[in-house]
Amino acid sequence: MKILPPARLGPLVARPRLERRLEDALSSRLTVVLAGAGFGKTTLLCAWAAAARSAWYTLDATDRSLPVLVRGLADALRLRVPGLHAEVAMALEGAAGPNADDPSRAQALASLVAEGLARELDEDLLLVLDDVHEADGSPASVRLIDELSRQAPQPLHVVLASRTEVPFQIERLRGRG
């Protein structure tokens with residue numbers, strides 16, 4: 001299931017240095033975990049996110065469709081923020097239609113979700129997006145992830161895991177911590 005972390009298989013290798021670095025995610029708006037296939041990004045994030053209040057979403061090729069990505073993110077966030085329903089419903093309505101994959105819609109959809117989270121979140125929440133490289137090639141899906149990362153309200157901390165560099169500019173965010 002895409003809205004839950006994968007089940008842990010077998011014992012974990014301790015990675016205290018990486019685990020300490022992940023703890024910084026709670027003081028940052030955006031954290032990016034980059035490594036090739038098989039390096040243990042997902043395993044590390046699963047173990048770490050299990051100990052924190054987190055929402056999880058694993059992207060795949062179907063998430064190159066903006067409506068699919070919006071619906072998946074909404075489902076993942078509603079598990080932790082049930083009061084988000086009205087904003088998510090509006091976002092889903094906005095994601096449907098003949099121009100569903102228009103990148104200009106992504107910014108408005110991200111704004112709706114961010115505004116709803118700003119109203120509903122009263123404590124920190126990690127949003128882990130695993131396999132973000134799957135969205136590459138879809139300007140609308142990439143824009144949604146980019147805008148949600150930029151517009152995230154204070155208590156939301158976005159964690160992106162990818163095999164490749166994230167497909168949008170993060171220098172300004174890096175400058176703001």
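Me: Which residues lie nearest the centre of the largest pocket, and how many line it?
Reply: In this predicted model, 17 residues line the largest pocket, and Arg21, Leu22, Thr31, Val32 and Val33 are the ones that lie nearest its centre.

Me: Which elements give two or more residues to that lining?
Reply: Those elements are α1, which covers 16-23, β1, which covers 30-34, and α2, which covers 41-50. Of the contributors, β1 gives the most to the lining of the largest pocket, with five residues.

Me: What about its volume, and what classes of residue are in the lining?
Reply: The volume of the largest pocket is about 440 Å³, and its lining is made up of 10 nonpolar, three polar and four charged residues.

Me: Back to β1, then: what is the order of the strands in the sheet?
Reply: The order is β1-β4-β3-β2, with four strands forming an open sheet in which the pairing is parallel.

Me: Which strands stand at the edges?
Reply: The edges are taken by β1 and β2 (54-58), and each has a single partner strand, so one side of each is left without a neighbour in the sheet. On average, and with direction ignored, neighbouring strands of this sheet are turned by 15 degrees against each other.

Me: How many bridges are there between β1 and β4?
Reply: There are five bridges between β1 and strand β4, which spans residues 156-162, and these two strands pair in the parallel sense. Val33, one of the residues that lie nearest the centre of the largest pocket, has Ala161 in β4 as its bridge partner.

Me: Which strands does α2 touch?
Reply: Packing on the sheet, α2 touches β1, β2, β3 (125-130) and β4, and the direction of α2 makes about 160 degrees with that of β2.

Me: New topic: how many cavities of 30 Å³ or more does a search of the whole structure find?
Reply: The search finds one cavity of 30 Å³ or more, and the volume of the largest cavity is about 60 Å³.

Me: What lines the largest cavity?
Reply: Its lining consists of Val70, Leu73, Ala74, Leu77, Leu109, Ala110, Val113, Leu144 and Leu148. The elements giving two or more residues to this lining are α3 (66-80), α5 (103-120) and α6 (139-151), and the largest share, four residues, comes from α3. By class, the lining of the largest cavity has nine nonpolar residues, with no polar and no charged ones.

Me: And α5 and α6, at what angle do they pack?
Reply: The angle between α5 and α6 is about 35 degrees, their axes are 8 Å apart, and their crossing is right-handed.

Me: Which residues make that contact?
Reply: On the α5 side they include Leu109, Ala110 and Val113, and on the α6 side they include Leu144 and Leu148, residues that also line the largest cavity. Taken by class, the contact of α5 with α6 has 10 nonpolar, four polar and two charged residues.

Technical notes
Residues are numbered from 1 along each chain as its sequence is written. This is a predicted model: local features need pLDDT of at least 70, side-chain atom pairs count only at pLDDT 80 or more; totals for chains, interfaces and linings use all residues. Side-chain values use heavy atoms; hydrogens and water are left out. On a 1 Å grid over the protein atoms alone, a cavity is a set of points where a 1.4 Å probe fits but cannot get out, and a pocket is an open set with protein on both sides within 12 Å along at least five of seven lines; lining residues have an atom within 4 Å of a point. Grid points are joined across faces, edges and corners, and a volume is the space filled by probe spheres set on the points. Ala, Val, Leu, Ile, Met, Phe, Trp, Tyr, Cys and Pro count as nonpolar, Asp, Glu, Lys and Arg as charged, and the others, Gly among them, as polar. Two strands pair if DSSP finds at least two bridges between them. Axes are lines fitted to C-alpha atoms, for helices over the stretch in contact, and angles run from 0 to 180 degrees between N-to-C directions. Contact means heavy atoms within 4.5 Å. A crossing is left-handed if the near helix is turned anticlockwise from the far one by less than a right angle, and right-handed if clockwise.
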